[in-house]
Amino acid sequence: MVTREHISEKVLPCLAIRGAVSFPKIPMNIDVGRAISRKAVDVAMSNDSIIMMVCQKDQSVDNPGPDDLYKIGTTAKITQKIRENGGSYRILVEPIYRAEIKEFIDNSKYLEVDVFEKEVFVDNRSVKAEALLKDLRTSIVDFISMIPKFSSNIKNLINSIEDLSTLCDLVGSNIVASLEDKQTLLEEFNPMRRAEKLMIILEKEKELIETEERIQKKVRSKIDKSQREYYLREQMKAISDELGEGGENGSEASEYEKKIAALKTTEEVKDKLRKEVKKLNKVPYGSAEASVIATYLDTVLSIPFGTRTKDRMDIPTVQKILDKDHDGLKEVKDRIIEYIAALKLNPDLKNQILCLVGPPGTGKTSVASSIARALNRKFVRISLGGIRDEADIRGHRKTYIGSMPGRIINAVITAGTQNPVILMDEVDKLTRDAHGDPASALLEVLDNEQNKAFRDHYIEVPIDLSDCLFITTANTLATIPEPLLDRMEVISMKIYTRFEKLGIAKNHLIPKQCKIHGLTSKTFKMTDEAVLELIDTYLKEAGVRNLERYIAKCCRRAAKQISCNEKTSVRITKDNLVEYAEESKLIKDKILDSDEVGTICGMAYTELGGEIMHIEVLSYDGTGKIELTGSLGEVMKEASQNALSYVKSKANELGIEPELFKKRDIHINFPEGAVPKDGPSAGVATAIAITSELTGIPVRRDVAVTGEITLRGRVLPIGGLREKTMAAYLAGVKTIMIPADNKIDEKDIIDEVKQNVEIVYISKVDEALKIALSKNPFERTDDKTESDLRQLASTNQQGNQPNMIN
């Protein structure tokens, strides 16, 4: 029964809302982002804060018109507006009355409408209203009891509301899910008819929930049935096993049995695999454990048991292949030829483990590939640089998720044979941590007595690696553990001479880069003089990597000129090299312009090859102290002390006043102080420089010397002879003094050096002094005073010095 109505007509700004329906007396927060909506809010706030809110029919429409909006909405009062980042608003509104849009007013800035507010009031104490209220409460409570997300407090709230209209709007706003159902309730002005519609909606929702529950029960029932069937199948499998019949995995197991029987391996391996097949039969089909076992069997069965390639035994052919692939490297090639010769006489010869040691870019990796090609074997490369986990070598145990075999077994599987050439690159860069020491794991791999039964943690069966030819590479032996080094035959990869580099460039690098850049021998030529100019003035390296980069740069620029029709062909000579390779930024080592007092040309060996250094000695008034500069290591400092002690012991013979050592300080400098230096091989050179400074006799600028000095003046042997002598020759040295004990290494000195430089072998420092100084210091014509010595002493000359090692 309607007791009264509220009707009022107004012109209001309109706010179109998406995904929500507003009900009278139910406050709500709204995010306002659209420009026309923000303008409507601003207009409302500037007046009485009253706005018309109506729901959009299609939420995807960004600029709704009259046809996109429902006609029934609510008038509401904006109680709060907050401006957020990006210019949008967040408003708090309190809807007041239901309202119907009668007309849309033409306004380009925001939506403006003419609305009729209408609210119908009923007597909640009437019999019909009370009955409806009671039935509605029961229906609501029944509905929310079916949905766990509603708390029990909501029941108390529902029972506390006495107004039928308010209860309908509260439930419509918070419990009814469908947007269309919400709008249906909003459009009903009469509270009693609204309550009836709400009960129909709730009954429909309850029926939907009950239907979903019935479906869920059926699904759960089917799942239970599936589990029951699985249990019965497991029982049937157990019965089949007892009867000796195949189970679920029977066909798969049968395939594995056939593969195991065909393996050319020991019974120990076959027995292990058969046990795994039995386990596979017992585990549930498709389970995680079955997958782990199947993966293990597939991995072991992929190992090439008994598969070997036939070695190429024709020594001339092998020699031809090695010579074609690499220039020089005589020691490496001879070692491979010797191995093939021995293998030809004794087919049961087990492989040796070779370690190629040398500076970067000297062809260690590529020569290993060439060896494999020459031997007609498969080639696999394993990079060991930075490996810190033992499992990388030996594999992970099967108990771990994602476990796999180690790199050694993977290399054999990849090769597909049991006698591949396996290159273990950068063995000197292995590291270790809490997961173990990979270098220790390699001890078994690289031991001919043990690797015939190598056990990987994952494979768990012995694998014969004795037919594999292992080749390791390293830049230095210093970081390789002694037990590991003891298992390898070390072959030093010498630095290339300038003519060896020239040969490599002509026979390999230039043809390779021409092919890469689309050039031919007719369109691109590079003279020998141009290549030697690159080697001598542009590069300072032991190998040929940077040489190849410069050749590639020349090819690119030549290709550009030919492509742009600037030239039809390019010929690079020494004269036009700058046009293609740019100016050289390398400062070339050279001897001094004149003989100097206190400066001697020493020789050093670095990873990039040999270099010369100008060791400087200066004396000045002081208290007899010695100053050493040049970022020196302890060994080099001790060598300098030894040199000074020797000179002191020979002071009388050299005509040096002994008191001079108490009155003057001596400063010994090894230039290029930013570069660390160490080693004893500068001892003889330092003694000569000190003698020159204190006697005032100049040192010959065309003489270079190397050797370790003892306190008694003996000269001990040094290393890096080949590289040091080559560097001295290229710098312009005419006489090189080296320890007599190094005469056995004379074959290492390049023929070009021997032909152009006088090689003098010395066993005593006295001999070196007589040759290096422009005047024999042991032949005194008169006694020199301290004043004379100060006048003869020269100032330091700056030089260029690398790392020095013995």
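How many helices and strands does the protein chain have? The protein chain has 28 helices and 24 strands. The model is predicted.

## Overall dimensions

The C-alpha trace of the protein chain spans about 145 × 85 × 65 Å along its principal axes. The radius of gyration of the protein chain is 47 Å, whereas a compact globule of 806 residues would have one near 28 Å.

Of the 806 residues in the protein chain, 49% are buried.

## Helix 4

Helix 4 covers residues 164-174 and is mostly covered, with 8 of its 11 residues buried. Those buried residues are L164, S165, L167, C168, D169, L170, V171 and G172.

## Charged patches on the surface

E207, E210, E212 and E213 form a negative surface patch. One of these residues, E213, is found in helix 6, which runs over residues 191-243. E213 has a relative accessible area of 38% and is partly exposed.

The positive patch on the surface gathers R214, K217, K218 and R220. K217 is found in helix 6. The relative accessibility of K217 is 54%, so K217 counts as exposed, the cut-off for exposed being over 50%.

Side chains of opposite charge can pair when their charged atoms come close. The count for this model comes to 44 salt bridges.

Which residues form salt bridges with R274? R274 forms one with E267, where the closest N and O atoms are 3.9 Å apart. The side chain of R274 also meets that of D271 in a salt bridge, at 3.4 Å from N to O. Both D271 and R274 lie in helix 8, residues 267-282. The two are 3 residues apart, about one turn of the helix.

## A distant pair and a network

K574 and E533 form a salt bridge in which the closest N and O atoms are 3.8 Å apart. This pair links distant parts of the chain, its residues being 41 residues apart. K574 is in the loop between strand 15 (570-572) and helix 20 (577-581), and E533 is in helix 18, residues 528-538. K574 is partly exposed, with a relative accessible area of 48%.

Salt bridges that share partners also join R98, E119, D169 and R194 into one network.

Note on methods. Residues numbered from 1 in each chain as written. Predicted model: local features only at pLDDT ≥ 70, side-chain atom pairs only at ≥ 80, totals over all residues. Heavy atoms only, no water. Patch = residues over 30% accessible without salt bridge, like charges linked within 9 Å, V, L, I, M, F, W, Y side chains within 5 Å. Areas by Shrake-Rupley, 256 points an atom, 1.4 Å probe, with all protein chains shown as cover. Salt bridge = Lys/Arg side-chain N within 4 Å of Asp/Glu carboxyl O. Lys, Arg positive; Asp, Glu negative; His and termini not counted. Charge placed at Lys NZ, Arg CZ, Asp CG, Glu CD. Helix = DSSP H or I, 4+ residues; strand = E, 2+ residues; numbered from the N terminus. Buried < 20%, exposed > 50% of the residue type's maximum accessible area, 1.4 Å probe, protein only. Rg over C-alpha atoms; globule rule 2.2 N^0.38 Å.
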